[in-house]
Amino acid sequence: MVGRRGDAGGDSAPAPGATGAVRTGAIPGATAGLVTSFRAGSGLKYLAGFFGGGVALSAIYAVSGQGLPCPLRLLTGWECPLCGGTRLGSALLHGDLAGAFGYNPVVFIGLIVLTGFGVLWIVEALGGPRVRPPARIAAVLRTMTPTRWLIVGLVLSLIYVLARNLL
């Protein structure tokens, strides 16, 4: 959903001098407290750091053949949710999309999604339209605490590890 800065619905830019925080008490089912509004520039900083670190690790692997050892794989022989990520990055640096997908399909798809978010955030940071999820999805996302995100991530990771190593 594309919104403009003056739209109603809670995702408009704060007034000059405002902190950028929004009270979540008005959202049904939300926990009381402050949630800071999203800023594309901040998201881009984290994304640039993530991609920069990944490119650096992948470049080191591409040149030396040495990557970071996976503790789970060393202890159990099972591949963790991120196993193959360095080889995936090296394959991407060499332009081998099929090989990259083969090393870890979930990470490959995740990188495509993150790249899409990055493009949207760059457009927004340059003054383009703000792209936000529909109101119902945004309301649900606002209720997610860091603990809930951690639990969801751990459960999905466990399912992926089991599927990847047992199937």
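Start at Gly 95 in this predicted model. Gly 95 follows helix α3, and its phi is positive, near 80°.

Now select α3 itself, residues 85–93. Colour Leu 88, Gly 89, Ser 90 and Ala 91: these four residues of α3 are buried. What covers them? Show α1 (40–64), α4 (97–103) and α5 (105–125), which are among the elements over the buried residues of α3.

Keep α1 and α3 on screen and hide the rest. The two helices pack at an angle of about 80°. Their axes are 8 Å apart. Angles of 65 to 115 degrees count as roughly perpendicular, so α1 and α3 fall in that class.

Next, show side chains where the two helices meet. From α1, pick Val 55, Leu 57, Ser 58, Ala 59, Tyr 61 and Ala 62. From α3, pick Thr 86, Arg 87, Gly 89, Ser 90 and Leu 93. Colour this contact by residue type: it divides into six nonpolar, four polar and one charged.

Move on to helix α7, residues 146–166, and select Arg 164. Is Arg 164 buried or exposed? Its relative accessible area is 19%. The cut-off for buried is under 20%, so Arg 164 counts as buried.

Then display its contacts beyond four places in sequence: Glu 79, Cys 80, Pro 81, Leu 82, Cys 83, Tyr 103 and Asn 104. Tyr 103 sits in that set, and α4 spans 97–103.

Methods: Residues are numbered from 1 along each chain as its sequence is written. This is a predicted model: local features need pLDDT of at least 70, side-chain atom pairs count only at pLDDT 80 or more; totals for chains, interfaces and linings use all residues. Side-chain values use heavy atoms; hydrogens and water are left out. Buried means under 20% relative accessible area, exposed over 50%, partly exposed in between (1.4 Å probe, protein chains only). Contact means heavy atoms within 4.5 Å. Axes are lines fitted to C-alpha atoms, for helices over the stretch in contact, and angles run from 0 to 180 degrees between N-to-C directions. Angles under 35 degrees count as roughly parallel, over 145 as roughly antiparallel, 65 to 115 as roughly perpendicular and the rest as oblique. Ala, Val, Leu, Ile, Met, Phe, Trp, Tyr, Cys and Pro count as nonpolar, Asp, Glu, Lys and Arg as charged, and the others, Gly among them, as polar.
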